[in-house]
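Welcome, and please have a look at the model below before reading on.

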Amino acid sequence: MLRAKSNGEGDVERPKTKVRVVALRLLAKRRLTEAQLWTRLAQRGYPQDEVRAAVESCKSDGFVDDALYAQLFVDGRAKAVGDVRLVADLVRRGIDRDAAKHSVASAEREEDERLGAAIEKLFRIRANVSYPSAARALERLGFPTPAIYRFLRARAANVFSDAEQMPPS
């Protein structure tokens, strides 16, 4: 395994291996998790010890940070999905389940806010969707069933109260 060398002035020189250069090029294109970087380098056929050294070097330099990746992923997610779906997506990308849960729990937008946005979008796109169909669509987005029905009941109450307040034509 390649080790960092000191140049005698206190600065540490990083190993300049081909694998590390490829890793840095991959990271320059897009943010990757440690697992994604490891997989991409291994798929290119590099020896496991060189891949390990390159990934560790990138981690120690701050180019790979799974906690930051998870937080940016959760906060930057444009599509309104539930906590379960967010955690599953992060785990699929190689983030530890506990770290994924922590990132989702500390998200800028709460699950109820995301659910409200998803319901509004669903009924804006498909105005005549039945409530059971809407509930199934929202469940597929990873929202919990009790919260879905709570929001749908509130929406139905608002729709019917608005209809009663309309003047007769």
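## Helix H3 and what covers it

Buried residues of H3 include Val51, Ala53, Ala54, Val55, Ser57 and Cys58. Please keep in mind that this is a predicted model. Helix H1 (18-29) and helix H2 (34-43) are among the elements that cover the buried residues of H3.

Helix H3 takes in residues 48-60, and at 1.5 Å a residue its 13 residues should span 18 Å; the C-alpha atoms at its ends are 18 Å apart, so the two values agree. After H3 comes Gly62, with a positive phi near 85 degrees.

Leu24 belongs to helix H1.

Leaving aside neighbours within four places in sequence, Leu24 is in contact with Cys58 and Phe63. Cys58 is also one of the buried residues of H3. Leu24 and Val55 are 31 residues apart along the chain, and their C-alpha atoms are separated by 9.5 Å.

## The chain as a whole

Stepping back, the chain has nine helices and two strands. Along the sequence they follow the pattern β-β-α-α-α-α-α-α-α-α-α. The chain holds 169 residues, of which 34% count as buried. Among contacts with a separation of 6 or more, 55% join residues 24 or more positions apart.

In soluble globular proteins, nonpolar side chains tend to be buried together. Here the largest nonpolar core has 28 residues, and the members that touch the most others are Val74, Leu90, Leu115, Leu138, Phe143, Ile148 and Leu152. Two or more residues of this core come from each of helix H4 (66-76), helix H5 (83-92), helix H6 (97-105), helix H7 (111-125), helix H8 (131-140) and helix H9 (145-165). H7 gives the most to this core, with five residues.

Which residues does Val74 touch, not counting those up to four places away in sequence? They are Leu86, Leu90, Ser103, Val104 and Ala107. Another core, of 14 residues, lies apart from the largest one, and includes Leu32, Ala54, Val55 and Cys58.

## The largest pocket

The largest pocket holds about 180 Å³ of space. Its lining is made up of Lys79, Ala80, Ala118, Lys121, Leu122, Ile125, Arg126, Ala137, Leu138 and Leu141. H7 and H8 are the elements that give two or more residues to this lining, and H7 gives the most, with four residues.

Ala80 sits in the loop between H4 and H5. With a relative accessible area of 13%, Ala80 is buried, because the cut-off for buried is under 20%.

Not counting residues up to four places away in sequence, Ala80 touches Arg114, Ala117, Ala118, Leu141 and Phe143. Ala80 and Glu111 are 31 residues apart along the chain, with their C-alpha atoms separated by 8.7 Å.

Definitions and conventions
Residues numbered from 1 in each chain as written. Predicted model: local features only at pLDDT ≥ 70, side-chain atom pairs only at ≥ 80, totals over all residues. Heavy atoms only, no water. Core = buried A, V, L, I, M, F, W, Y, C linked by side-chain atoms within 4.5 Å. Buried < 20%, exposed > 50% of the residue type's maximum accessible area, 1.4 Å probe, protein only. Contact = heavy atoms within 4.5 Å. 1 Å grid on protein atoms, 1.4 Å probe; cavity = no way out; pocket = protein on both sides within 12 Å on 5 of 7 lines; lining within 4 Å. Points joined across faces, edges and corners; volume = space filled by probe spheres on them. Expected span 1.5 Å × (residues − 1).
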